[in-house]
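This briefing is meant for a reader who is meeting the structure for the first time. Please keep the sequence and the 3D view at hand while reading the points that follow.

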Amino acid sequence: MRSLILERVARGLLPVATMFALYLLWRGHNLPGGGFIAGLVTSGALILQAVAFGIKPTRSYLSGFLRLAPWVGVAIALASGLSAMLFGDPFLTQYHAYVGTGESKVHVSTALTFDIGVYLAVIGVTATVANLFAEGVE
Amino acid sequence: MLPTLALIIGVPFLVAALVLLLPRSWSGRLALVAPAVVLLLAVPLWPEFGGDAVHLERVEWFPTLNMTADLRVDRLGLFFVLLIGGIGLGIVQYGRYYLGKQESPQFWAALLAFMGAMLGIVLSDSLILLFVFWELTTITSALLIGMDFGKGEARRGAIQAFLVTGLGGLALLAGVVLLGQMAGTYNLSELAAQSDAIVGNPWHLAPLILLFLGAFTKSAQFPFHFWLPGAMAAPAPVSAYLHSATMVKAGVFLLGRLFPIFHESQYWLPTLAAVGLTTFLVAGWNAVKAYDLKQLLAHSTVAYLGVLTALYGFYSVVGLRGEVVNIMNHALYKSSLFLLIGWVEKRMGTRDLELLQRERWIGHEKLAAVLIGVGAFAMAGLPFLLGFMAKDVFFQAVIGGPTVEEITLYLGLTLLASTLATIYALKVWAGTFLGSEPPVLDRGYPPKKISPWLLIVPGVLLLPQVVGGVFPAWFLGTVVEPGTTWSPWAIWYYIDVKVALSLGIIVFGVVGYLYWRRLAALPSLPGPQQVSDGLADGALGFSSWMSRAVQAGGHPRYFVVTLLFAVAMVAVGLRWGGWSVDTAAWAVGPELSFGWLPALLITGGAFLTILLPGRIAKVVVVALVGYGMAVVYVLYRAPDLALTQLLVETISLVLLLLIFRRMPRLTRDPRSLPTRWVHGIASAVVGVTMGMLAWTIGSTAAPNPAGYEQLALSYPVAQGQNVVNVILVDFRGIDTFGEVVVLVIAALGALALFRVASTRKEAAPAAPKRTEKLVGNKR
């Protein structure tokens with residue numbers, strides 16, 4: 001069953017939710033948020049798409065990305081951990097730096113890379129499971 | 001040195017992976033590469049490591065846990081490397097011509113992985129690393145025994161070997177951890193340095209017992225001696241390699257590694273002497289009774305492992321001397337005998353002594369008769385063979401015992417068991433070749449169809465036996481243990497009490513053998529074999545009863561069992577840790593004036609779940625409980641938790657709705673009234689206990705909460721103000737990484753389950769009915 005209102009809302013919500021998820025991901029180190037939460041927000045938005053437009057179109061748009069997401073996520077998290085070992089530090093040592101000066105000083109951290117890996121893995125896993133469970137829904 | 005060691009351990013694993021990837025026809029030839037490389041790398045090191053020379057190679061692993069992956073090279077380890085590589089090379093060459101249809105890339109891969117794991121054990125200085133490789137040998141050996149998994153015997157042998165050595169492995173792990181906690185290090189070299197302190201602590205008995213259990217199960221010592229004969233379902237090369245030359249010696253090797261740490265313990269000598277000599281005697285008796293040649297060799301292997309175990313016990317009094325000679329002696333003659341019995345099976349069509357002892361094969365197969373003769377006489381410890389020297393070493397150790405009474409006891413047992421050894425050694429050779437009737441020449445393959453390698457390989461392996469037996473002083477003093485001076489032992493140099501003992505045993509053995517031949521059948525004692533079989537059957541029976549009771553196949557039973565067990569653990573903690581229903585200590589802040597809201601949501605949701613009909617309604621009201629929890633987190637100012645809880649609750653609600661769509665409509669409760677009562681009582685017990693736990697935790701301030709430290713460190717160390725996230729990505733990053741991997745694995749599992757379910761549905765339209773039956777299960 002298609003609902004015009006739901007479709008409009010879902011269409012508008014996807015970019016907003018994604019931006020919000022990325023914002024949560026970015027600020028996670030200092031304020032509530034982080035890879036896991038951001039991944040769940042994005043997954044929620046994707047599930048809403050599937051509810052509004054049906055599982056089939058959603059799947060055909062996203063399956064390429066979603067099939068890879070868990071592996072890429074784990075690979076990024078692993079690579080971020082292993083890269084510390086290249087510098088002779090233990091696995092998963094995180095590095096920090098401040099870019100810029102004064103008011104525009106920005107904190108960058110390798111922890112963010114690791115969190116991006118977590119983010120992708122969570123999206124991939126949730127979407128895979130949801131996709132399986134939705135088998136047969138038109 | 002580190003690259004060499006890494007290559008020695010790594011090359012077999014690499015080749016194992018290659019064998020699986022490359023074409024089938026290459027696999028046998030490729031497998032030869034691994035032991036050849038190991039030998040090339042290890043042989044040049046041999047002369048450098050005379051006497052007590054030890055080379056340590058530091059490898060960091062988990063520095064914060066005091067865990068290293070340190071490697072070490074010393075005489076014993078390097079000797080084992082040469083043994084594993086040398087015999088491995090022979091085994092692979094033999095296997096290529098022996099296996100025939102059984103040959104497969106998987107076989108070679110498992111064998112090579114085993115080789116790598118074994119090399120890892122003998123080159124580890126870190127006990128943790130040693131344990132990892134130890135478990136790998138357990139797994140690969142079970143794969144090799146069960147290679148022929150179409151046969152019930154092979155499966156049973158593999159499972160039994162896996163269970164016994166696997167349980168021993170767990171004991172070993174517990175022992176390693178206890179020892180490491182006691183001494184503050186897991187490294188053998190550092191442990192040996194603290195030997196006095198460790199043995200001085202009366203609690204050293206606990207890790208010692210556990211470590212002994214690991215060694216005894218691996219080396220099939222009494223009362224765990226039953227698994228090795230069961231493992232003989234494996235093809236001849238596997239038996240020769242794993243079950244005589246290398247893997248079963250890992251237990252003895254472990255004793256060798258523990259010797260410097262524990263040998264001054266008052267328990268060391270009595271335990272090892274008692275267990276080793278009992279094994280020697282019991283397994284010797286089993287070998288005398290055996291009629292299957294391979295079983296006979298298996299029992300005799302267990303017997304010799306008993307000798308080696310006892311030997312390490314006696315060394316605590318007389319000092320290490322000649323253990324390498326003993327291990328080498330056994331590895332060489334026993335693996336050759338296993339290989340030769342593989343040949344016997346092909347040529348003579350059977351390995352049953354009942355048949356073979358009637359037939360006179362000696363005139364037809366002269367070369368094999370000589371080779372099996374050398375092997376069997378080495379087993380009996382006849383002069384001019386290395387076996388004689390090995391026995392001399394053993395006697396020297398026995399008669400060096402601490403007190404006269406103990407020497408008498410141990411010597412008596414040794415003499416009895418050695419006589420048995422001579423009897424079964426003669427039985428192998430004379431039973432195979434010296435019958436009276438003409439042999440059935442065409443029961444097996446004709447000689448031309450059997451590759452000459454099946455005799456060449458054991459022949460080469462037996463060569464050191466003869467060389468070492470004829471030129472003992474040169475062989476032992478120059479090749480085996482250079483730098484040490486060995487008195488020229490051989491009966492043509494001098495005769496002492498040990499030589500007299502040896503010769504006496506040979507005479508006894510021959511008499512015993514002739515006497516045994518005249519007996520129709522030996523009385524079968526209700527011996528330890530039956531007791532251990534009984535124990536094994538009992539364990540199996542108990543575990544299958546347990547499985548039936550716990551794994552009933554229905555969710556209600558699983559839930560009840562799991563929850564009650566968890567609650568029982570909690571109850572133990574509450575009973576002895578103290579519990580309280582005090583409300584005074586509760587931090588009732590102003591924000592808790594909203595406490596009625598989550599309380600209402602949670603209790604309301606719980607009651608509605610029971611009362612509402614229909615699955616969808618139930619799932620939705622269960623979500624109320626989750627949202628109520630989110631409100632609690634908000635009240636306690638945990639925004640991260642609240643956010644996560646809300647999102648998880650929402651997404652799992654959607655997923656559950658998707659799943660429940662497929663389920664049949666709920667009918668009236670199919671459970672009988674007593675079942676419902678049981679479930680009700682179980683629920684009440686769980687609820688009350690968990691409630692008490694929550695109350696106790698809430699009203700008792702933790703003496704030293706972990707949180708403060710993390711809070712204090714969060715900004716200075718990780719430069720993050722959100723301590724939850726800092727813990728997730730930085731402080732406990734490896735936990736998070738593990739969880740992500742688990743998530744991905746779980747998704748893969750779901751994928752596999754759905755694939756299976758959907759293919760089944762296509763194959764059999766009746767499948768949904770079965771699902772319904774399982775859901776409404778009441779057993």
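Predicted model: local features only at pLDDT ≥ 70, side-chain atom pairs only at ≥ 80, totals over all residues.

**The loop between H9 and H10 of chain B**

B:Pro223 is found in the loop of chain B that runs between helix H9 (205-218) and helix H10 (227-230).

- The peptide bond that joins B:Phe222 and B:Pro223 is cis, with an omega of about 5°.
- B:Ala220 lies in the loop between H9 and H10 of chain B as well, and its phi is near 55°, a positive value in a residue other than glycine.
- With a relative accessibility of 0%, B:Ala220 counts as buried, because buried means under 20%.

**Other residues of chain B**

- B:Arg637, which is not a glycine, also has a positive phi, of about 60°, and this residue is placed in the loop between helix H26 (615-635) and helix H27 (639-660) of chain B.
- B:Arg637 has a relative accessibility of 68% and therefore counts as exposed, the cut-off for that being over 50%.
- B:Thr246 sits in the loop between helix H11 (236-245) and helix H12 (249-262) of chain B, where, at 0% relative accessibility, B:Thr246 counts as buried.
- Leaving aside residues up to four places away in sequence, B:Thr246 touches B:Ile84, B:Phe114, B:Met118 and B:Tyr241.
- B:Gly169 belongs to helix H6 (residues 152-183) of chain B and counts as buried, its relative accessibility being 0%.
- Although B:Gly169 and B:Thr138 are 31 residues apart along the chain, their C-alpha atoms are separated by 8.3 Å.
- When residues up to four places away in sequence are not counted, B:Gly169 touches B:Phe131, B:Trp134 and B:Glu135.

**Nonpolar cores**

- The largest nonpolar core has 187 residues, and those with the most contacts inside this core are B:Trp227, B:Trp268 and B:Phe314.
- Among the residues that B:Trp268 touches, not counting those up to four places away in sequence, are B:Leu208, B:Phe212, B:Phe259, B:His263 and B:Tyr312.

**The build of chain A**

- Chain A contains four helices and two strands, and from the N terminus on its elements follow the order α-α-α-β-β-α.
- Of the 138 residues in chain A, 43% count as buried.
- Among the contacts in chain A with a separation of 6 or more, 62% come from residues 24 or more positions apart.
- Strand S1 (residues 96-99) and strand S2 (residues 106-109) of chain A pair in the antiparallel sense over four bridges, with A:Ala97 standing opposite A:Val108.
- Six residues lie between the strands of this hairpin, in which A:Gly100 takes a positive phi near 90°.
- At the start of helix H4 of chain A, a side-chain oxygen of A:Ser109 comes within 2.9 Å of the backbone nitrogen of A:Ala111.
- Helix H4 (residues 110-133) of chain A has 24 residues and should span 34 Å at 1.5 Å a residue, which agrees with the 35 Å between its end C-alpha atoms.
- Because 18 of its 24 residues are buried, H4 of chain A is largely enclosed by the rest of the structure.

**Where the two chains meet**

- Contacts between the chains involve 42 residues of chain A and 38 residues of chain B.
- About 3400 Å² is buried between chain A and chain B, and carbon and sulfur atoms give 76% of that area.
- On the chain A side, A:His29, A:Leu132 and A:Phe133 lose the most area to chain B, together 19% of what that side buries.

Note on methods. Residues numbered from 1 in each chain as written. Chains lettered and ligands numbered in written order. Heavy atoms only, no water. Pairing = 2+ DSSP bridges. Expected span 1.5 Å × (residues − 1). Buried < 20%, exposed > 50% of the residue type's maximum accessible area, 1.4 Å probe, protein only. Polar contact = N/O pair within 3.5 Å; in protein donor to acceptor, adjacent residues only side chain to side chain. Core = buried A, V, L, I, M, F, W, Y, C linked by side-chain atoms within 4.5 Å. Contact = heavy atoms within 4.5 Å. Buried area = accessible area lost by both parts, 1.4 Å probe.
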